[in-house]
Amino acid sequence: MNDKREFSWSVIFIWIGLFSIGLVAIYSATQGPVAEFLPSYILDNFTRQVTWIAISIVVLIGIQFVSPRTFQEGAYIFYGIGLILMVITIFFGVEVSGSRSWLRVGPFNVQVGEVMKAATILAAASYLTSRRNVSAENLKTALVTVVIFLVPVILLLAQNEAGVGIVYLGLLPVVLFWSGLPYGISLLMISPALIGYFTVLDVRLGIITALVITIFIFFLQRRKWLTVTSLVFGALVIIGAEVALHQVLQPHQRARIEAFANPSLDPLGSGWNVIQAKTAIGSGGLHGKGFMEGTQTQLRFLPEQWTDFIFCVVGEEFGFIGAGIMLVLYTLLFMRLLHMASTHKHPFAQLVIISVTFLYFVHFVINIGSATALLPIIGIPLPFISYGGSAFLTNTIMLAICLNLDFNKRSLSIYR
Amino acid sequence: MSNQSNSNQVKTSIRVLQGIILFGFIVMIIRVFQLQIIDYETYSPISMQNSLRMEVLQPARGLILDRNGTILVENQPIYSITITPSKFQMDKLPLLSQILQIDEEIVQERIRAAQAYSWQRTSRLFTEVPFEVFSAIQENAWQLPGISHQLESKRHYPTAVQAPHIFGYLREASPEEYRADERIRLGDRIGKSGLERSYENFLRGEIGTEYVRVNAFGQSLGTYEGAGLNVTPIRGADLITSIDAETQALAEKIMAGKRGGLVAMDPQTGGVIAMVSAPQYDLSKLAGRMDADYWRSLNTDPNTPLYNRAISSRQPPGSTFKPFMGLVGIEMGLVTPQTQIYNPGFYLRGRRYNDLADPGYYDLELAIAKSSNTYFFWIMDRIASRGRLNEWAELINDFGIGPLNNIDLPAERSGIIPDSTYMNRTFGERRWGIGDLMSLGIGQGMVSASPLQMAVATSTLANGGYKVQPHVVSGIRNGDGSIDYTQPVLEKISWVRDEDVETLKKGMFRVITEGGARWRSLIPGIDMAGKTGTSQNPHGENHGWFIAYAPMDNPQIAIAVLTENTGFGSQSAAPIASLIIEQYLTGEVNRQHVLDYVLYDFPGQLISITQETDD
C-alpha cells in the first residue's frame with residue numbers, strides 16, 4: 001500500500017471534464033435557438049449553474065482542510081439536521097411543479113433531499129463501521145441501516161419526490177453488501193427491482209427472472225429457507241407488480257410504465273417522451289449534429305432537456321463519440337473511486353467512498369437508462385452534468401469528502 | 001475477523017462492485033451504440049420529419065383569357081384556418097372562438113368533424129375567413145397549438161362574362177380521381193365541367209414542396225433550405241380562348257331568363273366566339289366554399305341549368321336544315337340550282353304536306369328565301385323512294401350535323417341523322433316507310449342537332465364548303481410565356497361546289513331582307529345570310545332556330561341560335577343572332593329597339609302558336 005500523501009488529481013480532472021460537458025449541454029439546451037420557446041426563468045439556468053459550480057469549487061477546496069474524523073464523528077449530527085430540514089421543507093418549502101422539496105436559503109433555493117443524500121451516506125457508514133459486520137445470522141445491524149435509509153425516503157415521498165427516493169433504495173443493497181451482507185441476501189434485496197422490471201416488460205420474463213435469481217441464491221448460500229423465501233418473494237413481487245400495474249397505480253403512472261414497455265401505443269401521449277428521447281439520441285449518429293444544431297433539442301421535442309434528458313442533448317449534438325466519451329469518463333470516475341476505496345484501510349472511509357460511487361452510479365444508470373428507454377422514465381439528474389445547483393453541490397461535497405478521506409489515509413488509519 | 005481475511009474480503013467485494021459498474025457501462029455503451037450507430041437510419045428520418053414539415057405549395061391555376069387577352073377567369077386568394085386535432089388543446093377553445101369571432105359551439109362542432117376525419121392530419125377548420133381573422137390567428141399561433149392557417153385560392157370571374165358552360169366549375173377530387181392520378185391529392189379541387197375539366201392537366205400546373213422547420217408545437221420557423229428538397233410550384237398554363245368577351249357578355253345578357261342555346265364561331269377557324277346555354281348558373285357561388293343550398297337547387301331545377309344546351313341538346317333543326325338539303329339534293333343529282341319545282345300550296349305523297357309559301361315555281365334560291373317546303377319534300381321523296389337514305393345521311397354528316405364534332409368541352413352530344421340502321425332500330429326491320437322519312441327533308445321528325453352542330457354546318461356555308469373543327473381554346477400559354485396555338489383544321493368537303501354555295505347565299509340573304517325576319521334582324525350596313533327555322537315540339541310550344549353568317553362577302557361570324565318554346569325562329573332566334581352579329585362585327589349594338597324587344601317583349605309575344613310547319 002502506498003501510504004504517501006497524494007492528492008487524487010485524476011478524479012479532479014474527470015470532475016472538471018464532466019461538469020464541462022454539462023455546461024456545454026446546458027448552454028445548448030437553454031441558450032441555443034431553443035431559447036425562444038423557453039420560459040424566461042429557464043434561460044438563467046446556465047448562469048445559475050456556473051454560479052453553483054463556482055460555489056462548489058470553493059466548497060470542494062474548503063472540505064480538503066477539514067479533519068477526516070469530522071465526517072465520522074459528525075455523521076449523526078448531519079443526519080439529524082438533514083432530517084429536521086426535510087421536515088421543515090414539507091411544511092414551509094417552496095412548491096415547484098407539484099413537489100414541495102425546495103427550501104429557500106437566502107438567494108438560493110436548496111433541494112434538501114439532495115443534500116440529505118450525503119448525510120445519509122455518512123450516517124449509514126458511521127453506524128455500520130461501529131458494529132460488527134453484517135451477517136446472515138445477525139440481521140439487526142442491517143435492519144437499522146435500512147431504517148437510516150428509509151426515514152429520508154419516507155420524507156421524500158411526503159415531499160412528492162419519489163424519484164429521488166428510488167436512489168436511496170438503489171444504494172441500500174450496495175451498502176449492506178459491502179458491510180458483509182451475504183451475496184445471496186444482497187441478491188435477494190435487489191431481486192424485486194429486477195423481477196419488477198422484467199415483469200413490466202412481460203410477465204413471463206418476470207417469472208424466469210425470479211426463478212434464475214432463486215437458483216443463484218441457492219447456489220450462493222445453500223440455505224433452504226433463503227431459497228424458499230426468494231421464491232415466495234419473487235412470486236409476491238410478480239403478483240404485486242401485476243396488481244399495481246392494473247389496479248393500484250394512478251392512470252398517469254400506469255401510462256408511464258406502459259409507455260416504457262410499449263411507447264408506440266400512444267406516441268403523442270405518454271409514449272411521447274420515450275420516442276422523442278430515443279429519436280434525439282439515435283439521430284445523433286456517430287458524431288452528432290453539432291453544438292446547438294440538434295433539432296430535437298433546439299426545437300423543444302425533449303422535456304427537461306437541461307436536467308433529466310440532458311443525455312439526449314449530448315447524444316444528439318455530439319453523437320456516439322460525445323456520448324461514449326461521457327460514459328467512459330463516468331466509468332473512469334467510478335473505477336477510480338473504487339480503487340480509492342480498495343486502497344483505503346479504514347472501513348468508514350471505504351464505505352463512504354463505495355456509497356458515494358454507487359450513489360453516482362445509480363443516478364447514472366437510471367438517468368441514462370430512462371433516456372435510452374432501457375428503464376421507465378424516472379426523473380433524476382445526471383451527476384455533475386444535469387442542471388441543478390443543490391445536486392451539483394451535494395455531489396461535489398461527497399466527492400470532496402472522498403478526496404479528503406483518500407488524501408488523509410494515514411491520519412485516519414491511526415484511529416482505526 | 002483477521003486483517004488478512006478482511007483484506008481478502010475487501011478485494012472480492014471490490015471485484016464484484018467493479019464488475020457491476022463495468023456491466024453497467026457495457027450495457028449503456030451497447031445501448032447507445034445500438035441507438036446511434038445501428039438504428040441511426042431509423043431515427044435520423046424521424047428527427048428529420050419531426051423538425052421539418054413538408055408543405056405543399058399549390059401552383060396558381062392557369063387563367064382563362066378571351067381572344068383579346070381580357071382575363072375572364074382568374075384566382076382570388078382565400079384564407080383558411082386549419083386544425084391538427086391531436087395537437088389542439090380543448091381548453092384553448094374559448095380563445096380560438098374569440099379570435100375567429102365564431103360561436104364556441106360551432107367551432108367545437110367543426111373540431112369534432114376534423115377529429116372524426118383524422119386526429120393526425122391537418123384539415124380545414126374554416127375556409128374563406130376574413131383577412132383580419134386570418135392575421136389574428138397568425139399572431140396568436142403560439143398560444144394555439146394545432147391551429148394553423150393556409151392561403152388558398154378560388155376562381156374569380158372579373159368580367160361580366162359568366163359562361164358557366166364554357167368555363168365549368170371545380171370540385172374536390174373524388175377518391176377514384178385522386179387514386180387514378182398521382183398528381184391529384186386528397187382535397188384538391190379539379191375541373192368537373194367545361195374548360196376547367198377538359199384542360200385540367202394544363203390548368204393545374206405542378207405542385208411544389210417546401211420544407212419548413214417546425215418545433216415540437218408545430219409552429220413554423222421558416223423555410224428549410226438545406227438539402228435542396230424544396231420544389232418551386234409550376235403555375236398552370238393559361239388558356240387563350242377564341243371567346244369575344246363583349247359578344248359573350250351580350251349573348252348571356254340576352255339569353256338570361258330564356259331557355260335555349262347558341263353558338264357563334266369564326267367560320268374560318270372554328271373558334272367559338274360566344275356560346276351560351278340558358279338558363280345559366282352562377283359559377284362564383286360554386287367557387288371556394290361551395291354554397292350547398294345553391295348546388296342542390298341547381299340539381300333540382302326543372303330548367304336543368306347544369307345541362308349545356310349549346311352542345312348537348314337535340315332538337316329538330318327545322319327549316320335551318322333546308323340549305324344543307326339543297327346541297328345534298330344537288331350532289332345526289334336530284335336537282336340543279338336551276339331546277340324549278342311547282343308548289344301548289346302542299347305536297348302530296350301518301351298524304352298532304354302543307355306548304356305555307358306562296359304557290360308557284362321555286363328554284364333553290366327562292367325555296368330558301370321563302371322557305372318553301374314543297375321543294376325539299378320533293379327531294380326527300382326521291383331520296384326515300386329510291387332507297388338512298390344512307391347516302392343522304394352520309395352527305396348530311398359531312399356538314400357536322402349528326403356526328404360528334406369533338407369540341408374541346410365535355411358532354412358534347414351527337415345529333416341524329418337517321419339512316420336505315422337507325423330506322424330499323426327505332427321502328428323495326430321493314431316497319432318504316434317513305435311516310436316516316438318525308439319530314440326529314442324539312443328538318444323535322446327524327447332529325448335533330450345541337451346549336452353547335454348547326455353552327456359548324458353554317459360555317460361551311462360561310463367559308464365556301466370547308467368543314468371546321470370547333471374549339472374554344474385557340475392557344476395555350478405555358479408558364480415560360482410560350483404559346484402553343486391550336487391549328488385550325490379546315491377540311492374542304494369535296495363534293496360541295498362553290499356556285500351552289502353562292503346560290504344558297506343569295507337565298508339566305510333574301511331570308512334576311514325579304515322574309516319574316518327582316519323586321520328585327522336586318523343590320524344596317526352589314527350583309528347577312530341567314531335561315532330561320534322552327535322545331536316542331538310535340539310536348540309544347542315550338543322551338544325557334546336561326547342560323548346566319550356575316551358579312552356575306554367575307555364571313556367572320558357564323559351563328560346558330562336555338563330558343564326553346566318560343567315559336568317561330570324569325571321572331572325569336574333571329575333577332576338574338578342579329579344582335580350578336582352586330583355586336584361582334586361593329587363592337588356595339590345600335591339597334592336599341594331590337595335589344596329592348598329581345599330583353600323585355602320577347603316571351604310575351606311568343607306564346608300559343610301551334611303550327612305544323614314553319615314560316
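**Reading the fold and its contacts**

Q: How many helices and strands does chain A have?
A: Chain A has 18 helices and three strands, where helices (H or I, at least four residues) and strands (E, at least two) are DSSP runs numbered from the N terminus. This is a predicted model, in which local features need pLDDT of at least 70 and side-chain atom pairs count only at pLDDT 80 or more, while totals for chains, interfaces and linings use all residues. Residues are numbered from 1 along each chain as its sequence is written, and chains are lettered from A and ligands numbered from 1 in the order in which they are written.

Q: How many residues of chain A are in contact with chain B?
A: Two residues are in contact if their C-beta atoms, placed from the backbone, lie within 7 Å. Here, 36 residues of chain A are in contact with 31 residues of chain B. The elements of chain A giving two or more residues to this side are helices H13 (271–282), H14 (295–298), H15 (310–343) and H16 (347–371). H15(A) gives the most, with twelve residues.

Q: At what angle do H9(A) and H10(A) pack?
A: Angles run from 0 to 180 degrees between N-to-C directions, and axes are lines fitted to C-alpha atoms, for helices over the stretch in contact. Helix H9 (residues 183–201) of chain A packs against helix H10 (residues 203–221) of chain A at about 170°, with their axes 7 Å apart. H9(A) is therefore roughly antiparallel to H10(A), a term for angles over 145 degrees.

Methods. Parallel < 35°, antiparallel > 145°, perpendicular 65-115°, else oblique.
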